[in-house]
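Trainee: I'm new to this one. Could you walk me through it?

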Amino acid sequence: MTVFGTGYLGATHAACMAELGHDVLGVDVDETKIERLRRGEVPFYEPGLPEVLLRNVESGRLRFTTDYAEAAEFADLHFIGVGTPQRTGDFAADTTYVEDVVARLSPLLERDAVLVGKSTVPVGTAVRLQGIADWHVRDGVHVEVVWNPEFLREGFAVRDTLTPDRIVVGYGEGAGPDGPRGASRSRALFDEAYAPILESDPCPVIETDLATAEMVKVSANAFLATKISFINAVSEVCEAAGADVTVLADAIGIDPRIGRKFLGAGLGFGGGCLPKDIRAFMARAGELGADQALTFLREVDSINMRRREKMIDLAEEVCGGNLIGRTVAVLGAAFKPNSDDVRDSPALNVAGMLSLKGACAVVYDPQALDNARRLFPTLAYADSALAACEGADVVLVATEWGEFVELDPDAVAAVARGRVLLDGRNCMPADRWRAAGWTYRALGRGVPGRAPTAASRTAPAELLPV
Ligand code: UGA
């Protein structure tokens, strides 16, 4: 099989498929990336992936190329895992990379082939890709497009790929046993690819049509984003009322109908998936005339973006209303721990906003410093958490890396100027820091001993004692 695209998704899929015993050719247009992969190097941080990649490159089961003709000749099953970023100046997803793969590969195919889309795409893309393939393919060659959305999380990519919680696959019209000749073949090839997973650790397999398969993915991400924004909206009310959103989340999360996962209040979601997927979902619904159905996702997006501003407000508050000339240690740059991905990272956004407000933001992240420097070259960066805290008036935790959670408050106090800890992820042991003499503040948690805001105490006039 081949895997087109060698980013977080494609490189992981290629390496894991080889790990399962398949012969895999990874394909990308980026020569530098392919060179590194050939040497067995993963061009990004993903725990566990370097070992799997190297093992399979060394065994010869996994190879990489930029040559589409070689890819066309090599396999009958072609996975597509290229990016579908947000279009510039628009909410919709840019599907040109997926279209390019199909348009370039199809005319080179000399025998029947199955193209398996894994990228997150707007519903209707697979049918369009089938049209592109049919248009470009040689006479007598049959290409079938199927859709197999990917649910892996960065940081757990290898585990999620080798032991998925579900496999969803959408087939085109007439792909049943009586369908066109490609149909039964595509099922056979697809089943063969996933057989080692299903034999060792079975999971539900959902076979459906193309549109449903495409929509399962965006709906899953939209639901996760909604869940995070729900708790962050409640968090805003907690702030006004002097309540504690973490205790509240624990309490509602016990109900299995709700569940505690993805009720982590704080700086909100970022990354290359959730933010752009909810926007692309809204845009596609609009194109389909169903825009009203998803208008609530605008609110999900706004609540999420507001978290970053609330964090700045809190920083301003603890600095006496003015950030000019203050030094803030920003611990974290990646959009989440165990990743070096800084795409739409709340942490880096906050650092950037602090700097715009006149503060000196000194950023540290265990893995994402290089990517952060490329994106925000004018921010100050440090090589360790303690170095970032040197001379800081405020220490702000923006990504919940384990090493930040374990920081010794006394060691930080020995280098920092101020004693204020802002917990943007509700991950720090508040009691420990308070006991060490720190002022601990977090999004969505009232200040002990401080009454709710004046506004929240105001009762309607008719209820006030005369
Ligand atoms: C997400 C989905 O979880 C995957 O299932 C999906 O395959 C992937 O997108 C994708 O479309 O490729 P990922 O972007 O790796 O995965 O990250 P998540 O673990 O979902 O976290 C997303 C963001 O939400 C992070 O910024 C994280 O800090 C934030 N988050 C998560 C919260 O703010 N609170 C929570 O309780 C959980």
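Predicted model: local features only at pLDDT ≥ 70, side-chain atom pairs only at ≥ 80, totals over all residues.

Mentor: Residues are numbered from 1 along each chain as its sequence is written, and side-chain values use heavy atoms, with hydrogens and water left out.

Trainee: Which helix supplies the largest share of the shell around the ligand?

Mentor: The ligand is surrounded by 21 residues, each with a heavy atom within 4 Å of it. Two helices (DSSP runs of H or I, at least four residues), α9 (210-241) and α11 (274-287), each give at least two of the shell residues. The largest share, 4 residues, comes from α9.

Trainee: How much of the ligand's accessible area does the protein cover?

Mentor: Start with the ligand's oxygen atoms: one lies 2.8 Å from a backbone N or O atom of Phe 335, and a polar side-chain atom of Lys 336 lies 3.0 Å from an oxygen atom of the ligand. On its own the ligand has 720 Å² of accessible area (Shrake-Rupley method, 1.4 Å probe), and the protein covers 88% of that.

Trainee: What residue with a positive phi follows α13?

Mentor: Helix α13 spans residues 346-356, and its buried residues (under 20% relative accessible area, 1.4 Å probe, protein chains only) include Leu 348 and Leu 354. Those buried residues pack against α12 (296-318) and β9 (327-331), among others. After α13 comes a residue with phi near 100°, and that is Gly 358.

Definitions and conventions: Polar contact = N/O pair within 3.5 Å; in protein donor to acceptor, adjacent residues only side chain to side chain. Buried < 20%, exposed > 50% of the residue type's maximum accessible area, 1.4 Å probe, protein only. Contact = heavy atoms within 4.5 Å.
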